[in-house]
Amino acid sequence: MAHVRVRCSVICIMAKVSKKKGSKKIKKVVMSVEEQPPVNEEEEEEAGMAGAEGDIGSSGEDEGEDERKRQKLLQAISALGGKRKKALGERSEAAVDMSEFSVNPEDGPGKVQLSDLMGTLEKTPAVPAKTRKLLENLQRNKKTVDSPLSKQETERIQRGMAFQKAATEVSRWDSVITQNQRAEQLLFPLNQEPAGPRPIERLVAGWKAQTPLEQEVFALLSANKQPFTDPILTPAEEASVKAMSLEEAKIRRAELQKARALQSYYEAKARREKKIKSKKYHKVQNKVKRKGLLKHIEQMIKTDPAAAMQELNKMELARMQERMSLKHQNSSKWAKSKAIMAKYDEEARKAMQQQLEMNRELTQKLVTPLNEEEEEEEEGAAGEADVLPDFVNDAVDGPPNPWMKGKLTEEPTKEQVNDAAPEAASVSAAAAEEEEEEWAADKTEEEALLREFDCRRKRHQAQESDTAGSIFQEEMTEAAAEDSGASDCDEEARSEFRSISRGGEEGFKATEAVNCADRTDESAQLEERLIRIRTVEDLERLPHEPSAEPRDPPTTKAQPSEEKRVGKSKKKKGIELKEVLTKNTNIIKVPLAPTGTDSEDPEAKVDQKGLIKEAFAGDDVISDFLKDKRRQEDEGKPKVIDLTLPGWGEWGGLGLKPPKRKRRKVRSAPPPPRKDQRLPTVIITEKKNASISLHQVHSLPFPFENHAQFESCFRSPLGRTWNTERTVKKVTKPRVVTQMGAIIDPMAEEELLRNKDAVARETSSVNSKKSR
Amino acid sequence: MLKIPRNYDPSLHPFELSREYTRALNATKLERVFAKPFLSSLDGHRDGVNCLAKHTRSLSTLLSGSCDGVVKVWNLTKRECVRTLQAHEGFVRGMVVRYCGSSFFTIGDDKTIKQWNMEAPGYGEEEEPLNTILGKTVFTGLDHHQKKGVFATCGQQVDIWDEQRSTPIRSFSWGVDSFSSVRFNPVETELLGSCASDRSIVLYDMRESTPLKKVIMTMRTNTLCWNPMEAYFFTCANEDYNLYTYDMRYLEKPCKVHMDHVSAVLDVDYSPTGLEFVSASFDKTVRIFPKDAGHSREVYHTKRMQHVICIKWSADNKYILSGSDEMNIRLWKANAAEKLGVLAPREREAVNYSQKLKEKFQHYPQIKRIARHRHLPKNIYHQRNELRVMKEARRRKETNVRKHSKPGSVPVVSEKEKHVVSVVD
C-alpha cells in the first residue's frame with residue numbers, strides 16, 4: 001500500500017514537471033495515469049479489505065498487520081478531523097535537489113522503471129495503441145543518444161545554412177541585374193518623379209491651420225471625412241485612381257477621342273449632305289444605299305444566313321404592306337390632287353413621279369442568292385425527274401414576269417460581264433493574254449450589244465407570244481456574257497448572234513430560222529448547263545471548258561467574222577489540225593496593242609548599241625587601257641640609274657669616256673611578278689598607301705567573331721547628314737542618363753517589385769498578342 | 001533659327017563612312033584636348049586625410065577626418081570648410097553619415113564611437129558629441145545601415161550596434177583577427193562584408209548569429225565596396241596592386257581582376273550608377289575602372305598628390321573626391337572631358353553624337369591610340385613597365401616549366417584563380 005502511494009505521488013510530481021516542459025507525449029501518458037488514482041484507491045481499499053480478511057488466518061505476519069491497522073486508525077482519525085493528509089502530501093513542492101529529468105526520491109525504494117509506469121498503461125483503454133507501441137519500442141531500445149557535435153562543427157553547419165539562405169535571398173536580384181545589363185538606356189536616379197509641376201497636395205503638406213476661420217474650415221472638412229493634407233483625394237477618388245493605371249487610362253482616352261472625332265466627322269458629313277438640294281443627288285445616294293444594303297445582305301448570307309433571312313423577311317414584309325395598302329399609288333387624296341395639278345405644275349408632276357418610283361422600289365421583288373436557292377430547291381422538288389431545259393419550264397409559266405423588264409439594266413450586265421472576264425481567262429490559258437488585251441476594247445461593244453439585244457427582246461416580247469425563242473435568246477446572251485471562250489459549237493452560235501445584232505430587225509426572221517435549224521445541235525450544249533447562272537458562285541461551279549477561242553480584236557473583226565459566217569455554217573464540229581494551225585497564224589498576224597514591250601526590245605537594243613558605237617566611234621578604249629597598264633608596269637620596274645655622269649672635280653664635256661670604276665651599272669633585283677600579270681583586263685596597283693593603312697583596322701577586334709559582324713557596325717551612318725532628326729536622336733541615345741544635381745540612391749526593394757510587375761505585364765501582353 | 005528642309009538622298013551625301021570617321025577622329029582628339037579632370041583641392045587639414053564621408057542627403061556636403069583626430073565639414077560648391085571639430089585623439093579611423101543625414105558617427109584611435117549632430121552648434125556653444133560609446137578595443141572601420149538605426153564597427157571583431165544602446169547587439173568573430181574595414185550591402189541591407197588582416201574577406205548576415213563565409217586571398221584586402229545597383233557584387237582593394245570583383249555567392253574565384261595600379265590599393269568606391277568604380281592607391285594615383293573591365297579607363301594624378309588614402313564617388317555620379325597623405329582633399333570630374341553645368345539641347349545632341357561616333361570607331365587604330373593615351377608620372381610609368389616585364393618573365397617561366405614537365409602535371413591556372421587561397425565555410 002505504501003508502495004502504491006509513493007508511486008502515485010511520483011506520478012503526480014512527474015505530471016507537474018511534464019506540464020512545465022510541455023512535452024506532449026509524456027503529458028498524454030501521465031494524464032492517462034492521473035486518471036487512474038481513484039481506481040487505484042479503490043483497489044487499495046479492496047486490497048486492504050482482502051488483507052484484513054486474510055489476516056485472521058495468518059499469524060506469521062503480525063507486525064505487518066499491526067502496521068496496517070495503525071494506518072487504518074490514522075486514516076480514520078484524519079477523516080474525523082476533516083483533514084486530508086494525502087492531498088497535503090501531493091501538493092507539496094518538488095524538492096530542490098530533485099532533478100527535472102531523473103526522478104530520484106531519496107527515501108523511495110529504488111529507481112522507477114519505465115515498465116512500472118507502463119503496467120497501469122496497459123490496463124487503461126484510453127491510451128491509443130500507437131503510443132503504447134512507441135513506449136514499448138522505447139523500452140526495448142537500449143541505445144544511448146549520440147554525443148553533441150563539437151562547437152566548431154555546429155558553427156560550420158550554422159554558417160552553411162546561413163550562407164545558403166543569404167545566397168538564395170540575394171539571387172532574387174538576378175533578373176533585375178541582367179535586365180539592367182542588357183538595357184539600351186539606364187535612367188538614374190531610379191525612382192524618378194514625373195517631370196512637370198508638382199501636385200498641390202505635396203506643396204500644402206507642411207501647412208497648418210492657424211486662424212480660427214481656418215480651424216473651423218478644417219473641422220468641417222474633417223467632420224465630413226474630406227481629406228485636407230497629404231492626399232487631396234477622397235478615399236473614393238483614390239480607389240478610382242487606383243482602379244485604372246495610367247497607361248490604361250491613356251489608351252481609353254485615346255479611344256474615346258477617336259470615337260468622338262469620328263462622330264463629329266460623320267455628323268458634319270451628314271449635315272453637308274443634308275444641305276444639298278439636288279434631288280438627283282439624293283436619288284443616286286438612295287440607290288447606292290440600297291445597293292449597299294443588298295450587298296450587305298449577300299455577305300450576311302455567307303456569314304450568318306439566319307440573320308440575313310430575318311432581314312429579307314423584313315423587307316418582304318414591307319413589300320407586302322406596300323402592296324396591300326397601295327400607299328404610294330395614285331389612290332391617296334394627295335395623289336389625286338396632285339394628279340389634277342400635274343397638268344399645269346411641273347413640280348406636282350415630279351412629286352407624282354417620285355411617289356410612283358417609291359412604290360416601285362417598295363414593291364420590287366428582291367432577288368438574292370438565298371431566294372434563288374430556295375427557288376431552285378422548289379424547282380428541284382417540283383420537277384427533279386424531268387430533265388427539261390429551263391426555258392421549257394419558263395414557257396409553261398406563261399407570260400414573262402413584268403418585273404423582269406426593269407431588271408436588265410446596264411449595271412447587272414456589266415457586273416456579269418466583269419465576272420465573266422477572269423473566268424474566261426482562266427478557262428483558256430493559252431489565249432488569255434490576248435483576250436485580256438482585247439477585252440478592254442471589246443467590253444464596251446459587248447455592253448452596247450447587250451443593251452441593243454435587250455430592247456430588241458422587249459420588242460419581241462411585245463410582239464410574240466411564243467416565249468421559247470426569246471428565252472433561248474436570253475440564255476444566249478447570258479452565255480455570251482459569261483463564257484466568251486466556249487467550244488466551237490458555241491462559237492458558231494455566237495457568230496450568228498453577232499450577225500443578228502448587226503443585221504437588226506431585218507435579219508431577225510432568218511436567225512429565227514437558223515435557230516430552229518440548229519436547235520438539235522444546241523440542245524446538247526444547253527443541256528450541259530442545268531445550273532442556272534446567276535451569281536459568281538454559279539460560274540465557278542461550271543465545268544471548265546478545255547479550250548476557248550480567243551475573240552477577235554475589234555479592228556480586224558469585220559472581215560473575218562463575215563468570212564467565218566460564210567464558212568462556218570457548213571463547218572464540221574471536229575477540230576482539224578490544219579484549221580488550228582491556220583487559226584494560230586491568224587492570231588500572230590494580228591497587230592498588238594502598243595502596250596507590249598518585249599517585242600520592241602531587240603530592235604531597240606540594236607539601235608542603242610549602234611547609237612553608242614556612233615557616239616564613241618573615235619575612242620579606242622581597249623588600246624587606251626592596255627597603254628595604261630603598260631605604263632603602270634613600267635613604273636613598277638626598277639629604274640636603271642646611270643652612274644657614269646661626271647661628278648664634282650671631274651672633267652666634263654663631249655666625247656669623254658667614263659672612267660672604269662663608273663662603267664659598272666647598278667642593277668637592283670627584279671621585283672616580284674605583278675599580281676595582274678595574267679589578267680589582261682585588270683590593273684592591280686602594287687603601290688600600297690601607307691598613310692591609309694595607318695587608319696585601317698588590321699585584325700578583328702575582340703568582341704567580334706567574324707568580319708561580317710564587325711562590318712555590320714559600320715553599315716549605317718549615325719549623323720544628321722544622312723538621317724532624319726528622329727533617327728539621329730534614337731541612334732545617339734546615351735547609355736546612361738543622370739539627372740543633374742540629383743542624388744542617386746542605391747537600388748531598393750521596390751525596384752524588385754517594379755521589375756516583377758513589368759515582367760508580368762510583358763508576359764501578359766505577349767500572351768494576349770499570341771491569343772490574337 | 002531657320003528650318004531648312006533636307007534631302008536625305010544618299011547619293012547627295014556620299015562617303016558617309018569616311019566622313020564619319022573623320023568626325024570621330026576629331027571628336028576623340030577634342031576629348032583629349034578638353035580632358036581636364038582636376039577641379040580643385042580642399043586644403044585645411046593639418047595632417048593626412050584618413051577618411052571621407054559623403055552626406056546622404058546633400059550633394060554639396062563632404063566630411064573628412066584626418067590623422068590628428070580633426071573632422072572637417074566642407075561645402076563643395078563654395079569649396080570651403082564650414083566646420084571643424086576635434087573629434088578624437090589620434091586618428092579618425094572611420095566616419096559615416098546616418099541614412100537620414102541628421103547626424104554622423106566617427107570612430108577613432110581613442111577607442112570611442114561618437115555621434116555628432118550634422119548642424120554646427122550655435123555661437124558660443126561647445127562642440128559636443130550627441131553620444132559617446134567607449135569600446136574595449138580600437139575600432140578601425142565603421143559603416144551605417146541603409147535604412148535602420150543600426151551601424152557596424154570593426155576592430156578585433158565585427159560589432160553591430162543599435163544607435164540607442166551602448167553595447168553591441170551582435171558581435172561576430174571567427175578566429176582571432178583584426179579587421180580593417182566593414183561595409184553594409186546597400187541593396188540587401190542586412191548583409192555585411194569585412195576585410196580581415198589574415199588576408200580574408202568575411203561575409204555576414206546581420207540577422208544570423210554566425211558569419212556566412214570567408215575567402216582567404218594571397219594578400220591582405222584593405223577595403224571592399226558593394227555595388228549599389230547589383231546586390232551580390234562587391235569589389236575589394238588588395239595589397240597586391242589589384243582589385244577583385246566578387247559575386248558573393250561564388251567566392252571560389254573573383255568574377256574579374258582589375259589590374260593597373262603599381263602599388264597597394266588602399267580604397268575603392270563604386271559610382272552610384274554601379275557601372276564603374278574608382279580606386280585610390282599608394283602609388284599616388286586614382287584610377288577609374290568600368291565594373292567589368294580588367295583595366296582602368298582613366299588615371300588621375302597630380303604632381304603634389306601623395307599616397308591617396310581614401311576615395312569617394314559623389315552621389316550624383318559627376319565627381320570624385322580623394323583624400324591623400326599630404327593633407328588635401330581633391331575634387332575631380334568623373335568624366336575628364338565632360339562639360340560642367342547645363343548643356344543646351346544642341347550641345348547635348350552634339351555630345352551624344354560624338355560619343356556614339358567614338359564608340360563606333362573605337363577599334364580603329366588611330367582613334368584607339370588617341371583615346372587611350374594618358375600621361376603618367378615617370379616613376380609610375382617605369383614601375384608599370386617593370387611590373388609588365390616581371391609578369392611576362394613569370395609567364396614565360398611557367399610555360400617553360402610546363403613544357404619540360406610531364407603533361408598535365410603543371411596545370412594552367414587562370415589569373416582569377418591565382419589569387420584565391422581558399423574558401424572557408
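**Close-ups of a predicted two-chain model**

**View 1. Helix α1 of chain B against helix α2 of chain B.** In this predicted model, helix α1 (residues 16–34) of chain B packs against helix α2 (residues 345–360) of chain B at an angle of about 105 degrees, and their axes sit 8 Å apart. Angles from 65 to 115 degrees count as roughly perpendicular, so that is the label for α1(B) relative to α2(B). On the α1(B) side, look for B:Glu20, B:Arg23, B:Ala24, B:Ala27, B:Thr28 and B:Glu31; they meet B:Tyr353, B:Ser354, B:Leu357, B:Lys358 and B:Lys360 of α2(B). Sorted by type, the residues of this contact come out as 4 nonpolar, 2 polar and 5 charged.

**View 2. Helix α1 of chain B again, now with helix α3 of chain B.** Here the partner is helix α3 (residues 365–372) of chain B, whose axis comes within 9 Å of the α1(B) axis and crosses it at roughly 10 degrees. With under 35 degrees as the cut-off for roughly parallel, α1(B) and α3(B) therefore get that description. B:Tyr21, B:Ala24, B:Leu25, B:Thr28, B:Lys29 and B:Arg32 of α1(B) make the contact, together with B:Gln366, B:Ile367, B:Ile370 and B:Ala371 of α3(B).

View 3. B:Val308 belongs to strand β26 (residues 308–313) of chain B. Is B:Val308 buried or exposed? B:Val308 is buried, at a relative accessible area of 0%. Skipping neighbours within four places in sequence, B:Val308 has contacts that include B:Leu266, B:Ala280, B:Lys284, B:Val286 and B:Gly323.

View 4. B:Cys51 is buried, with 6% relative accessible area, whereas B:Cys81 counts as partly exposed at 28%.

**View 5. Where chain B meets chain A.** This contact brings 58 residues of chain B together with 57 residues of chain A. About 5,100 Å² is buried between the two chains, with carbon and sulfur atoms giving 62% of that area. Zoom in on B:Tyr8, B:Met229 and B:His363: they supply 12% of the area that chain B buries against chain A, more than any other three residues.

Methods. Residues numbered from 1 in each chain as written. Chains lettered and ligands numbered in written order. Predicted model: local features only at pLDDT ≥ 70, side-chain atom pairs only at ≥ 80, totals over all residues. Heavy atoms only, no water. Axes fitted to C-alpha atoms, helices over the stretch in contact; angles between N-to-C directions. Helix = DSSP H or I, 4+ residues; strand = E, 2+ residues; numbered from the N terminus. Parallel < 35°, antiparallel > 145°, perpendicular 65-115°, else oblique. Contact = heavy atoms within 4.5 Å. Nonpolar A, V, L, I, M, F, W, Y, C, P; charged D, E, K, R; others polar. Buried < 20%, exposed > 50% of the residue type's maximum accessible area, 1.4 Å probe, protein only. Buried area = accessible area lost by both parts, 1.4 Å probe.
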